[in-house]
Amino acid sequence: MASLGVAWRSIPPTFLADLRDLVGPRNLLTDPDLTIGHRIDWTGRFTADPVPVVRPGSAGEIAELVTLARRDGIALVPQGGNTGLVGGATPMEGGVVVDMRRLGQVSDLDPVAGQLTAGAGATIGEVQAVARGVGWEYGVDWAARDSATVGGSIATDAGGIRFVAHGGTRRQLIGIEAVFGSGELVSHLPRVEKDNTGYQLASLLCGSEGTLGLVTAARLRLVRPPGPTVVALLGFSSVADVVSGGTMLRLGSRPLALELMTARGLELVCRHLGLTHPFEDRQEYVLLAELEDHGNTVQAVLAEMEGLTASAVALDAASQLRLWRYREGHTEAISRLGSVHKLDVTLPPGVLADFIAEIPAAVAALRPKATVWLFGHVGDGNIHVNLTGLDPDDDDIDGLVLTEVAARGGSISAEHGIGRAKRRFLSLAHGAADLAVMERLRAALDPDRICNPGVLLP
Ligand code: 2HG
Ligand code: ZN
């Protein structure tokens with residue numbers, strides 16, 4: 001059995017006994033060997049000492065859990081699918097992991113309004129399946145759909161591949177149920193989308209990374225499913241051409257996704273996942289475009305597109321999935337190279353191409369052994385900068401990339417959140433007054449600072 005560290009020893013036995021009474025013995029995991037998956041983050045960059053894992057089954061139980069945690073000063077680290085990429089759900093300061101996945105119900109489906117209520121522990125894939133069952137779609141999607149949960153997506157305001165069409169998680173939120181760090185259980189799950197009744201707590205909690213409280217359920221809006229779609233892989237030799245190709249598609253058609261890949265990333269994915277390369281010749285940059293179209297508009301737009309050097313177009317669902325595999329395989333393929341520094345940045349359209357072209361040389365100048373992997377949601381200006389070949393703690397290099405982003409008017413976190421990985425750099429995004437207001441909000445709503453300490457705020 002793994003040895004218990006200082007963090008564990010600081011938890012009073014009476015707290016654990018009360019927790020066991022609250023959730024039942026089956027829902028309090030104390031064997032460190034069984035909970036190892038809860039204390040290592042997906043990137044392998046953050047590993048915590050063993051902590052107990054509690055699995056509450058209702059919002060009421062979570063409210064009681066918060067009361068116990070306040071009484072004994074125990075940190076609560078909420079966790080869903082543990083697919084976050086910034087160490088935001090890793091219990092590095094000790095405390096207790098709150099596994100939210102028993103709150104997985106999807107209910108109160110309104111097929112006329114296109115809305116449903118999802119428990120924090122429901123996966124994105126489950127919400128999508130329920131929505132599709134009644135002729136709607138959930139507007140948020142990404143590769144980890146079958147593990148990532150609604151609660152985690154709200155905590156980070158997750159973006160994903162459909163942002164260009166439907167926006168991120170915040171835009172899908174109609175209402176929220178949550179337990180604040182003060183112990184108050186709030187429930188505002190309206191059946192109507194137009195609702196101007198004061199402070200929008202859903203919006204405040206969205207992106208708060210578990211620092212104000214624990215989201216237990218959400219009222220979500222659904223979107224209309226698209227008509228026929230086309231997926232195209234488009235090859236270019238210059239990044240400026242990719243960006244202007246993407247802009248052309250954004251203005252001239254209805255994109256559901258516009259994703260960037262590079263020759264290096266594509267080769268890695270093909271090697272690791274055993275896929276055949278989609279093009280005969282090397283394409284320096286590849287744009288994956290999914291468009292709502294019968295194929296006619298896209299052909300006309302492609303005929304006009306400058307710098308296009310190769311294309312592969314898929315009309316049926318199976319071929320479309322095959323093309324998506326190249327893009328969705330990136331995170332998995334890169335993770336096989338060891339610990340990864342993950343930066344998810346957004347740049348304004350006018351400086352995006354220069355950033356993509358220049359950042360590898362800037363990184364190489366500081367860390368010649370690092371490899372830079374660039375891919376992501378180019379239609380939103382959101383580029384994933386993945387760095388391998390670095391020490392997990394070497395965040396000066398993260399600082400270099402994020403400083404470049406801030407200097408060019410971008411955001412240092414587009415969709416993964418700040419977590420631990422970018423906490424030191426939050427002042428690149430917010431001035432002293434913003435941070436002071438955030439601190440005051442936190443002090444009001446989580447007065448004992450038990451909610452996910454160690455993430456987001458410096
Ligand atoms: C994606 O867009 C996810 O696939 C993960 O946001 C990005 O692995 C990453 O850095
Ligand atoms: Zn992404």
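Helices (H or I, at least four residues) and strands (E, at least two) are DSSP runs, numbered from the N terminus. The model is predicted: local features need pLDDT of at least 70, side-chain atom pairs count only at pLDDT 80 or more, and totals for chains, interfaces and linings use all residues. Residues are numbered from 1 along each chain as its sequence is written, chains are lettered from A and ligands numbered from 1 in the order written, and side-chain values use heavy atoms, without hydrogens and water.

Q: In which helix is Leu-204 placed, and what is its relative accessible area?
A: Leu-204 belongs to helix α8. It counts as partly exposed, a class between buried (under 20%) and exposed (over 50%; 1.4 Å probe, protein chains only). The relative accessible area of Leu-204 is 30%.

Q: Which strands are the edge strands of the open sheet?
A: Five strands make up this antiparallel sheet, in the order β5-β6-β9-β7-β8; strands pair if DSSP finds at least two bridges between them. An edge strand pairs on one side only, as do β5 (106-110) and β8 (185-188).

Q: What angle does the direction of helix α3 make with that of β7?
A: Helix α3 (residues 59-72) packs on the sheet and touches β7, β8 and β9, where contact means heavy atoms within 4.5 Å. Angles run from 0 to 180 degrees between N-to-C directions of axes fitted to C-alpha atoms, for helices over the stretch in contact. For α3 and β7 the angle is about 40 degrees.
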